[in-house]
Amino acid sequence: MALVQRLQSVCLHRSAVSLRFLSEQAKLREAWNPTPSFDPKVMTEFLDDQNHELHANMREFLSTDKFFVPQYDIPLAEERELALQRLKQLCDKKFISVHFFSTNPTAVFAAHENASIVDGAMATKMTVQFNLFGGTVLKLGTARHKEVLDGIDSLTNIGCFGLSELGYGNNAVEMETTATYDPETDEFVVNTPTVKAQKYWITNGAIHANHMVVFAQLYTGEVNNGIHGVLVKIRDDEGNTMPGVTIHDMGIKMGLNGIDNAKISFDNVRVPRENLLNKESEVHEGGEYTTKISGNNRARFLKVADQLLSGRICIASMSQGASKACMAIALRYSATRLTAGPSGKSDFPILGYQLQQHALIPLLAKTYIYDIALKQIQAMYAKFSVPGRDIYTVSHREIVMMCCAIKAITGWHVNTAATICRERCGGQGYLAANRFGPAIAGSHSSMTAEGDNSVLMMKVAMEYIADMAAKMKPGKNLSAAVEMLRAKYTPGIVQRKGKNGSGRDIAYIHHILNLREKILFLQVAEKMRVSTKDKAAARAARFEKWSQQEQDSVQAAARAYSDKLISDICYEKIGLADPSIQPILKKLYNLYLITVLQENISFFLTNNLISRKGASSLRDDFDALIKEIAPESLALAEGFGITEEMLSAPIARDWELYNSYDNAGEMKKFEDLARS
């Protein structure tokens, strides 16, 4: 009843439209919980983790420059130009630089998160320009590519990343595009031999890019040296398509139409030999090929396509920016949309209903927990990118697994969060200006860009099993072998002890998440065993098992690894947070853990990791935690650090004022009123 009494103190006189409507929604949000248990600014500092000045300055800029006010009903050409000019404004303010990869990669990820909140298309153009194109030139190029590199930050040189082909996405190592060395002219001849070899879904390619890193099978004589990156100029300084280059605009997509995607092909286009990105491999004058990369052509491919790894973190950062915005919008609206309360009158916010809380609060908890995990993975990745930052003792294989896992988890999460938030905001959620539609469309891009999420989970499983096999070899790592065997037999011991597995026992839930990961991977490893010693037959048998029989098991094991990884990070990081925010963070973490248990309850029951009594009590713990967290939900949304102007959505602000005039679904007039 305390909520009802607080709401009754808010004066709600509904008469002619006047400026007092500017503050009515704010009063309702204030009434939800005037005295949260923590300072949202302290929470923002914790979530930002690093780059505090960049975050603060970028948020202020995005909030005060009206150029970033969303526009919805505009022509395609104007929408694309707007995305480019917005990116240029961020570049001019030096919020993003390709050279951050050499000094502080986490700043790149921070810029992506903030950009994604206001314009997903702009953020996508950013990730291609600075990560995929710029990062590749920076890391694989040498002094002879300095002229191209120097024009990236200013957008003088706008680039695109030519890896995927129409017929080759996840198996890009088999691509058909060729770059053949011609010793007579000391040039490479870049060619697209078939329709399936077209470079496909090329961001920046349809309109804006003048350079492209073309990945191709590199031939010297009759020898295929594997995939390498070659710089090809696709437009001249006036924007005209270069001879031999064919560019087709891919047109309208289901969303993010500010991105100019293209399919591009090459008809024996000649470029200087020096256009080969040659830090790791070189074709010398005359045709001699040398490389620093040990191994076969696949190993060379993994090296030259390494920027996809940071790309996955960029996409995860963009996904989290969108998830945070969706949660903040839905929660702020839910606190101000009134419906029938105890009196029968419309004087009670829908956020007070259990239906609304059970839909939104678990998503809020996941958004927080995924963000904590992502920030730590960003920091771990930075160690491998910046010389001298030897902070974490993890292998490159572990970094690959982490990047693949967090990209998939956050990509799936933003789709779920945006969809449920849209539904729980009713018809208002269907309006483009309220931002859920663009978030849903953007989530579908993130689920397949830089690797299909489910395929990335296969990559996680492959790497995990390879690592497990290496550790289990006789004489290699006895402790690892013992740990895996313990996982195999622990469930029976747990059952005999009669462990109830209380939902409030964080340490125990964390423990059984660890066991779930190991049990599932032991099962996959056992299922993948083949008896034949014939190499060809063994390969065929493994392919059959992996691709045709055990994919559900593979996906489940990879998801178990992801859940445990996220729990591992949060278990440690929350304990290091400011004491004033630890209580609410622990509740969010606890709710996240219970949600994981509920989503996988059949596994935990059938493997005797939780008793029936423990499983039946989870719902009570779930309900209790939501009731404890719900009063703090608006303060938690504020903890994201996103301003009202960045959220933009009318339902997150003063939606009565927005509907007091003919708004045509646009935001410009509202911003003029709100900022006056």
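Which residue forms a salt bridge with E644, and how far apart are the closest N and O atoms? The partner is R29, and the closest N and O atoms lie 3.6 Å apart. The model is predicted: local features need pLDDT of at least 70, side-chain atom pairs count only at pLDDT 80 or more, and totals for chains, interfaces and linings use all residues. Residues are numbered from 1 along each chain as its sequence is written, and side-chain values use heavy atoms, with hydrogens and water left out.

**View 1. Salt bridge between E644 and R29.** A salt bridge is a side-chain nitrogen of Lys or Arg within 4 Å of a carboxyl oxygen of Asp or Glu. E644 belongs to helix α24 (residues 644-647) and R29 to helix α2 (residues 21-32), so the pair ties together parts that are 615 residues apart in sequence. Helices (H or I, at least four residues) and strands (E, at least two) are DSSP runs, numbered from the N terminus. R29 is buried at 10% relative accessible area, while E644 is partly exposed at 31%. Buried means under 20% relative accessible area, exposed over 50%, and partly exposed in between (1.4 Å probe, protein chains only). R29 and E644 also belong to a network of salt bridges that links them with R332, R653 and E671. The whole structure has 38 salt bridges.

**View 2. Salt bridge between K125 and D260.** The N to O distance is 2.7 Å. K125 sits in helix α8 (residues 120-140), and D260 in the loop between β7 (245-249) and β8 (262-266), 135 residues apart. Both residues, K125 and D260, are buried.

**View 3. Salt bridge between K587 and E628.** The closest N and O atoms of this pair are 3.6 Å apart. Helix α20 (residues 582-599) carries K587 and helix α22 (residues 612-629) carries E628, so the pair ties together parts that are 41 residues apart in sequence. K587 is partly exposed at 29% relative accessibility, and E628 is partly exposed at 30%.

**View 4. Contact of helix α7 with helix α12.** The axes of α7 (residues 105-118) and α12 (residues 354-385) come within 8 Å and cross at roughly 145 degrees. Axes are lines fitted to C-alpha atoms, for helices over the stretch in contact, and angles run from 0 to 180 degrees between N-to-C directions. From α7, P105, T106, F109 and E113 meet residues of α12 that include D371, K375, Q378 and Y381. Contact means heavy atoms within 4.5 Å.
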